[in-house]
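Q: I am new to this structure and would like to learn how to read it feature by feature. Could we go through it slowly together?

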Amino acid sequence: MPSIELSELVAIAAIWFAGSGARTYSLSASDFGWGREAGVVDSNPVADASGLAASQRNSGVLWTLNDSGGSNRVFAIKADGGDFLGSFALDGAIAGDCSSLVCVNGALDYEDLAVGPGPVEGASYLYVGDIGSGKSTRNTIEVHRVAEPKVDSDKGSDQSDTLGSVDTIVLKYPGKFYDSETLLFDPLSGDIYVVTKDRDEANRVYRARIPHPVDGTPIVLELMGTMDWELAVGGDVLFNGLEVIMKNKKSVFIYTREEEKELWEAIVHPAKAVSLRYIEEPQGESIGFAGDGMGFYTLSESVGAQTVPLYFYRRNGSLPTSEAPQPSPTVPNPLSPAFCEDQKTVSDCRELVTDTGCRWSRKAGRCSKARRCRNIRSEQSCKGVTKYFCAYSYKKTSRQVCTDFSNRCEVARSEGACEKNSGCQWNSGDCTLM
């Protein structure tokens, strides 16, 4: 065990209100053990690991990615052993600055990723952050959102695939550009957070509040405050939103959150972190909670080594729990045709054209649902009408069609095509919503 001097432990008390009662939860460094080697990860293809998140769809699976210079793909590895399970390309995920800066298959500088809810209630999504500097100043940064694919941790073979129906959320700093390596997703609010890495000042915490349009319109990030330390290189949020873990290259920090407060309030000054035990790695930029929350993992870049240890730090105490009902941060589903039909005048109907895809039928003299999606024949055009709730979905594994978002599962004619579509699952010969 490394002999690392820990400074005086800081205990943080967080209170969760359940009905009229309240209870107190505190953390100290001793609540997590020292790291043990949970496995080794082959540096081919995971050479420059720069993000780590546990799958919420697939038991025993961790997601990671390569940073600057890597292509637009994520990797699935086995949590128990580090075995490679597959490489998954993000179809159509392209950084906005690729026209002027060097990208690899649309990726400029992937740095971190997260797992959380998204547009389809009950489905789990990957949030992939192309948020680094790419050694240049960028106009925008991007977060790519895609439904988690099915991965079998016990299969032990290469399950690589291409993921379709990728949504890109474009973000922009309100002032100058910052290099960032930490992406956080709040499962309680649905908000996205980006934490800067600056060698001359403390970490700055920026928020992109839900909803997140995917039509290419940049969301201007809000500065929520600064932290009491610097050079953040990775982070993760516990699946229930009640803890945040982050690191720089020498230390790991954990924060507790009061449920009724925003996530940023738990991490910006004057919030104080608990410093956890950590085995310093050669180039450690990846950290993520275990899927069940009973510990966390870290993973270093290979720095030329053929294999890299995957460390696991077990939680000694119990999980923080919530007795209050948690809000769903899911994006509203497309409105039914009946919503359009409720609009009784031409002007009322036309006001909803942009957001819901309603149209006024002169012949019938009524407002009805527009059939915009099924008349579109190209992927680019289909993805350009996200505001009309169109989805480019797999009908066959080698063929996609533009369809209503609510119909994206039903168009699939095979299990392989079904599992490529966002939030869909194959069930007894039919493709249905999860």
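A: Let us begin with contacts, where a contact means heavy atoms within 4.5 Å. In the protein chain, among contacts between residues at least 6 apart in sequence, 55% join residues at least 24 apart. Please keep in mind that this is a predicted model, in which local features need pLDDT of at least 70 and side-chain atom pairs count only at pLDDT 80 or more, while totals for chains, interfaces and linings use all residues. Residues are numbered from 1 along each chain as its sequence is written, and side-chain values use heavy atoms, with hydrogens and water left out.

Q: How many helices and strands does the protein chain have?

A: Helices (H or I, at least four residues) and strands (E, at least two) are DSSP runs, numbered from the N terminus. Here the protein chain has 6 helices and 30 strands.

Q: What share of the residues in the protein chain is buried?

A: A residue is called buried when its relative accessible area is under 20%, with a 1.4 Å probe and protein chains only. Of the 434 residues in the protein chain, 53% are buried.

Q: Which way do the residues of strand 20 point?

A: In a regular strand the side chains alternate between the two faces of the sheet. In strand 20, Val252, Ile254 and Thr256 point one way and Phe253 and Tyr255 the other, and all are buried.

Q: In which sense do strand 19 and strand 20 pair?

A: Two strands pair if DSSP finds at least two bridges between them. Strand 19 (residues 243–247) pairs with strand 20 in the antiparallel sense over 5 bridges, and the two form a hairpin with 4 residues between them. Glutamate 243 has threonine 256 in strand 20 as its bridge partner. Strand 20 is also joined by 3 bridges to strand 21 (residues 274–276), again antiparallel, and there isoleucine 254 stands opposite valine 274.

Q: Where does the lining of the largest cavity come from?

A: Rolling a probe the size of a water molecule over the atoms shows where empty space is left. On a 1 Å grid over the protein atoms alone, a cavity is a set of points where a 1.4 Å probe fits but cannot get out, and lining residues have an atom within 4 Å of a point. Of the 13 residues that line the largest cavity, the closest to its centre are Ala147, Leu163, Glu419, Lys420 and Asn421. Strand 10 (141–147) and helix 6 (415–420) each supply at least two residues of this lining.

Conventions
1 Å grid on protein atoms, 1.4 Å probe; cavity = no way out; pocket = protein on both sides within 12 Å on 5 of 7 lines; lining within 4 Å. Buried < 20%, exposed > 50% of the residue type's maximum accessible area, 1.4 Å probe, protein only.
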